[in-house]
Amino acid sequence: MNSQSPIYSLKFTISWIFIYGLIVFILWQFIQIFLAIYIGLWVLNLLIEVVERLFLRFGKRIITVEK
């Protein structure tokens with residue numbers, strides 16, 4: 001083992017840990033955004049289904065482009 005290798009340097013290791021942390025932070029932000037979009041669309045679809053069923057129960061129709 002060569003102790004002069006940059007892999008064993010403390011500065012080298014700390015800088016890569018910092019870069020790794022930055023990458024994880026950025027990916028976490030994207031995951032949160034995509035998760036929020038996915039759950040938001042799921043809740044919106046659920047809300048539309050509930051409103052549609054309530055309208056049908058009271059004999060009303062939602063006017064859409066589909067006929």
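I began with residues 12-31: the end C-alpha atoms lie 29 Å apart, and the span is 100% helix and 0% strand. The model I am reading is a predicted one.

I then looked up residues 37-56. Their end C-alpha atoms lie 28 Å apart, and this span too is 100% helix and 0% strand.

I had picked these spans from UniProt, where an unreviewed entry lists residues 12-31 and 37-56 under "transmembrane region".

Next I checked the secondary structure of the protein, which comes to one helix and zero strands. The helix is H1, residues 10-57.

Of the 67 residues, 1% count as buried.

I looked for aromatic pairs and found one in the structure. Phe30 and Phe34 form this pair; I noted 6.3 Å centre to centre and 20° between the planes, and the pair is stacked. I call the pair stacked because planes under 30 degrees apart count as such.

Where do Phe30 and Phe34 sit relative to each other in helix H1? They are four residues apart, so about one helical turn separates them.

Last, I looked up the exposure of both rings' residues. Phe30 has a relative accessible area of 44% and is partly exposed. Phe34, with a relative accessible area of 55%, is exposed. The cut-off I needed here is 50%, over which a residue counts as exposed.

Notes: Residues are numbered from 1 along each chain as its sequence is written. This is a predicted model: local features need pLDDT of at least 70, side-chain atom pairs count only at pLDDT 80 or more; totals for chains, interfaces and linings use all residues. Side-chain values use heavy atoms; hydrogens and water are left out. UniProt positions are given in the numbering used here, feature names are shortened, and annotations may be inferred rather than shown by experiment. Helices (H or I, at least four residues) and strands (E, at least two) are DSSP runs, numbered from the N terminus. Buried means under 20% relative accessible area, exposed over 50%, partly exposed in between (1.4 Å probe, protein chains only). Rings of Phe, Tyr and Trp (its six-membered ring) pair if their centres lie within 6.5 Å; planes under 30 degrees apart count as stacked, over 60 as edge-to-face and the rest as tilted.
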